[in-house]
Amino acid sequence: MSAKSVKRPRRQFLSNSLKVLAGVTVSAALPRELVDAKSLGFSAPRLPGLLERQGLLKGRSMLAARPAELGSQLFAAIPRPLRSSALQIQSLLDGIKPACRLSMTAEELRASISYLKSLDCRFVIEQVVVSETLYAQLSPRRRQQLTAKARVRVYLAKSAADARRVAKLESADPDYYALGLALGYPVCCVEAAAKQDLPHIDEEHGIFRQANLNAAAVRASSTADFRCNQFLAESDLEGVGPVSVIAHYPCTLGCRETAAMGHAALESSARAWPIWTITLCELLRAPVLYWSDDSWPPEYWDEYSGLALLEAREVGPGEWRSILPARLLGSALTPAGTVPSFVVRVKTVGDGILFENATGDTVNHSFEQCGRPWIIDWRSGRVEKFAGKSS
Ligand SMILES: [Zn+2]
């Protein structure tokens, strides 16, 4: 694609994204956004009617309220196993990513293969060899579930030679540093991961464990940029559509290189799926309540444990409320109990956290058992322990 052909949409999307980022209420802005989307020349003629029929135009921020329904409409032509990776693939096709690496079961590959063949790129498939260090960032039960079925990795690139080259970097003698760079990840993030991501025997429990790179990034962050947010990649929205604009662990939540890369991907997204991009920005800007599993027993190991508090606002010290239910990140299992679904309020109460769901039911989890979570407010850039400095 020539620079000329992308120039106009890019400039216009920037102004659109600024409206979204400036916190414009989507219900008021949506008709205008739809007009803007159309004026960009995107083919979305059926969308306004479609959204209206689903009631998505009513109320406040209703796009983020029903992402699953919206995703199933917008990404109907893409096989379900590829919907989460649709933006990574799109970025490759748009020439802003050198290569792409997907992980799926052999069964999912069968459902996706014709679609993959239809794309203007080449790919190489490798079977995943099961070893005791595989998925070592997860609980032993989860590792078993993931390896119970045959799994493959698919490496996509514009040329067959490039796809083979990337696949080779993860073959018998893997070079994860070179692999990260070949996939176009920022050097700072590849270096941070290479330094920390070494599987080791957890001495207390005698099983392999891999560093939690999400917790490491949170700890290293003094600020947060929503384009570095990949927490929804493992959430109850998985498979709905692209819910992250990056495919790597950022070195920090404010990594400038990652944010720039994420921005380019957002522009790709806006050209392909303008309405989804508005939704995606809202999802990525939802404050994240995040627990590190560092001191949890193995059965709870999960590097994506938390809640994305959609549309939530801080109404007092250590209290956040929303009209939309939070999305669950990771397995929702913590040593203090299961994080409830449909949470609309979280609050520190004594030495614990209270969750309230949409029907008014409440559950308390003690910090002594699950630790004090972080709150990541992508709108203000704040990253801190939830209600207080103590941990
Ligand atoms: Zn970085």
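Me: Where is the place of Glu311?

Reply: Glu311 sits in the loop between β7 and β8 (313–316). The model is predicted, so local features need pLDDT of at least 70 and side-chain atom pairs count only at pLDDT 80 or more, while totals for chains, interfaces and linings use all residues. Residues are numbered from 1 along each chain as its sequence is written.

Me: Is Glu311 buried or exposed?

Reply: A residue is buried if 20 or more other C-beta atoms lie within 10 Å of its own, exposed if 12 or fewer, and partly exposed in between, with C-beta atoms placed from the backbone. Glu311 has 21 other C-beta atoms within 10 Å and is therefore buried. Its phi is near 60°, a positive value in a residue other than glycine.

Me: Which phi does Ala332 have, and where is Ala332 placed?

Reply: Ala332 is not a glycine either, and its phi is positive, about 70°. Ala332 lies in the loop between β10 (327–329) and β11 (333–334). Its 18 C-beta neighbours inside 10 Å make it partly exposed.

Me: How many helices and strands are in the chain, and how many residues count as buried?

Reply: The chain has 16 helices and 17 strands. Of its 391 residues, 43% count as buried. For contacts, two residues qualify if their C-beta atoms, placed from the backbone, lie within 7 Å. Among the contacts with a separation of 6 or more, 64% join residues 24 or more positions apart.

Me: Which residues is Trp301 in contact with, leaving aside its neighbours within four places in sequence?

Reply: With those neighbours set aside, the contacts of Trp301 are Gln137, Leu138, Ser139, Asp293 and Trp296. Trp301 belongs to the loop between β6 (288–291) and β7 (305–308). It is buried because it has 28 C-beta neighbours inside 10 Å. Arg142 is 159 residues away along the chain, yet its C-alpha atom is 9.0 Å from that of Trp301.

Me: Where is Gln137 found, and which residues is it in contact with?

Reply: Gln137 is in the loop between β2 (122–127) and α9 (140–148). Beyond four places in sequence, Gln137 is in contact with Gln210, Asn212, Trp301 and Glu303. Its 20 C-beta neighbours inside 10 Å are why Gln137 counts as buried.

Me: At what angle do helix α14 (residues 256–272) and helix α15 (residues 274–284) pack?

Reply: Axes are lines fitted to C-alpha atoms, for helices over the stretch in contact, and angles run from 0 to 180 degrees between N-to-C directions. The two helices pack at about 140°, with axes 6 Å apart. Angles under 35 degrees count as roughly parallel, over 145 as roughly antiparallel, 65 to 115 as roughly perpendicular and the rest as oblique. α14 is therefore oblique to α15. Leu266, Ser269 and Ala270 of α14 meet Pro274, Trp276, Thr277 and Leu280 of α15. Ala, Val, Leu, Ile, Met, Phe, Trp, Tyr, Cys and Pro count as nonpolar, Asp, Glu, Lys and Arg as charged, and the others, Gly among them, as polar. On that basis the contact of α14 with α15 has 5 nonpolar, 2 polar and no charged residues.

Me: At what angle do helix α7 (residues 86–93) and α14 pack?

Reply: Their angle is about 95° and their axes are 9 Å apart. This makes α7 roughly perpendicular to α14. The contact joins Leu87, Gln90 and Ser91 of α7 to Ala265, Ser268, Ser269 and Ala272 of α14. By class it has 3 nonpolar, 4 polar and no charged residues.

Me: Why is α7 largely enclosed by the rest of the structure?

Reply: Because 7 of its 8 residues are buried. Covering elements include α6 (80–83), β1 (99–105), β3 (151–157) and α14.

Me: Where is the kink in α8 centred?

Reply: The bend at a residue is the angle between axes fitted to the seven residues ending there and the seven starting there. In α8 the kink is about 50° and is centred on Ser112.

How values were computed:
Helices (H or I, at least four residues) and strands (E, at least two) are DSSP runs, numbered from the N terminus.
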